[in-house]
Every structure is written in C-alpha cells, then in structure tokens.
Amino acid sequence: MRVLGVDPGLTRCGVGVVEGVAGRPLTMLGVGVVRTPADADLGHRLVAIEQGIEEWLDAYRPEFVAVERVFSQHNVRTVMGTAQASAVALLCASRRGIPVALHTPSEVKAAVTGSGRADKAQVGAMVTRLLRLAAPPKPADAADALALAICHIWRAPAQNRLQQAVARHTAKGPGVSRAPQTPSATRAPAAPAASQAPQASKGRTT
C-alpha cells in the first residue's frame, strides 16, 4: 500500500509518501513541504498548493491519500486556512479517483506514539524510528504528513473490515423475524353446532 499523507496548511503544507502494509516494516519514499508566501493573494496560494500536490501525485502515484481532518480551534483564521488547503488536497485526489481518508490529529498521535496527547517532538521521534530515518524530518509539518500516512496504513485493514461488515448488513436489508409455527398436537373439542364460532386461520407471526 502506498499512501500520500498531507498535513494541510496555507504557508506550509506537509507531504510525505510511505509504502508498506500493517505489521511489517514501512518505507518512506519521499517527504517535503509545499510552501506559499504569506503575503500572496489567497487564490494564488491555493493554486500553488494544488500544483505542488499534483506534482507529488504524478511523481509517486499513491493508492491512497490521507489528510488531517480539520478540527475547531480558537484561532479562526488558522483553521480557515487549514480547511482551504485540506479542500485542495481532497480535490486533487478525488479528481484522479484516488480514495481519500481523513484522520484527526489525536487518531494520528495515538496510532504512531500510543498516546493521543503526544506533542510534535514525540511524533517526530516515533516517525523517525518507525521509518528508520537518520533524523526527524524537518519542519514538523513534514513529519506530521508521514505520521498521517503511517496512521492510514495501520488503520486501513480494520476500517476496511468494518466497511465490508456494514455493506453486507445493508445488502441483506432489514430482516423480518418470524416465530416458528408449531402444529398443535391436540385440538380442543368442537363446540355444539349452534354456538360454534368460525375458527381463526393461523397466520404467520411477524
């Protein structure tokens, strides 16, 4: 499995490609950052991010793209820029028909370090160890992108099994439980003809 991780951001958009399968050593194929000048027009910055991600997609041909899920922050300006960069990554991948997965920061931290509250230094250290790198990738956005790719490779098998189970359940449709019909061993004696009521036909219990 080859995954492109994207840590979205307007000024620095981290990108990293990891290949491997869960339970086996992983390999880093590339890591970097797509940068845009803070004083540039927003539209031009988004175009630059799009071009940068397209270059990574062309170069590495990933099977999946993992993007950090945007969450609420106190700094509205920051979260807006992150959401805009995230949308560009989603657009680039979807336009090529590449499946996209969104992972929250806590999911990524828990997958890589074992703690959803790990700091960036801990994430960088574990990424370095898991990918057998000589030093932590710089800046932190690049290490976060690799962590996203690692997280997806490790979580994908469980997610796929869950999706398949849901699909099978949905395909079956809502089942109707029916009580088993047991023929009566004995019948009550018939009432006299004058007072005999019509016997209700036995129907299925739903």
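Leucine 57 touches Leu4, Pro62, Val65, Cys92, Ala93, Arg96 and Ile98, leaving aside residues up to four places away in sequence. In this predicted model, Leu57 is also among the residues with the most contacts inside the largest nonpolar core, which has 19 residues. The chain averages a pLDDT of 85, and 77% of the residues score at least 70, while over residues 182-206 the pLDDT is below 50 and the stretch has 14 contacts beyond near neighbours in sequence.

**Nonpolar cores**

- Besides Leu57, the residues with the most contacts inside the largest core include Leu4, Val6, Val15, Ile49, Ile53 and Val65.
- Two or more residues of this core come from each of strand E1 (2-7), strand E2 (12-19), H1, strand E4 (64-68) and helix H2 (76-95), and H2 gives the most, with 5 residues.
- A second, separate core has 17 residues, among them Ala66, Val112, Val127 and Ile150.

**The aromatic pair in H1**

- A search of the whole structure finds 1 aromatic pair, formed by tryptophan 56 and tyrosine 60, whose ring centres are 5.3 Å apart and whose planes meet at 25 degrees, so the pair is stacked.
- The two residues lie 4 residues apart in helix H1 (residues 42-60), which separates them by about one helical turn.
- Tryptophan 56 is buried, with a relative accessible area of 16%, whereas tyrosine 60 counts as partly exposed at 22%.

**Helix H3**

- In helix H3 (residues 105-113) the buried residues are Pro105, Val108 and Val112, and they lie on the same side of H3 because they cover an arc of only 65 degrees around the axis.

**Salt bridges**

- The structure holds 8 salt bridges, and one of them joins glutamate 50 to arginine 95 with the closest N and O atoms 2.8 Å apart, linking helix H1 to helix H2 across 45 residues.
- Arginine 96, which is partly exposed with a relative accessible area of 31%, forms a salt bridge with aspartate 58, the closest N and O atoms being 2.7 Å apart; here arginine 96 lies in the loop between H2 and strand E5 (100-103) and aspartate 58 in helix H1.
- Arginine 155 forms a salt bridge with glutamate 107, with the closest N and O atoms 3.7 Å apart, so the pair ties together helix H5 (residues 140-172) and helix H3, in parts that are 48 residues apart in sequence.
- Through shared partners, salt bridges join Glu50, Glu54, Asp58, Arg95 and Arg96 into one network.

Notes
Residues are numbered from 1 along each chain as its sequence is written. This is a predicted model: local features need pLDDT of at least 70, side-chain atom pairs count only at pLDDT 80 or more; totals for chains, interfaces and linings use all residues. Side-chain values use heavy atoms; hydrogens and water are left out. Rings of Phe, Tyr and Trp (its six-membered ring) pair if their centres lie within 6.5 Å; planes under 30 degrees apart count as stacked, over 60 as edge-to-face and the rest as tilted. Buried means under 20% relative accessible area, exposed over 50%, partly exposed in between (1.4 Å probe, protein chains only). pLDDT is the predictor's confidence in each residue, from 0 to 100. Contact means heavy atoms within 4.5 Å. A nonpolar core is a set of buried Ala, Val, Leu, Ile, Met, Phe, Trp, Tyr and Cys residues joined through side-chain atoms within 4.5 Å. The arc is that of the directions from the helix axis to the C-beta atoms. A salt bridge is a side-chain nitrogen of Lys or Arg within 4 Å of a carboxyl oxygen of Asp or Glu.
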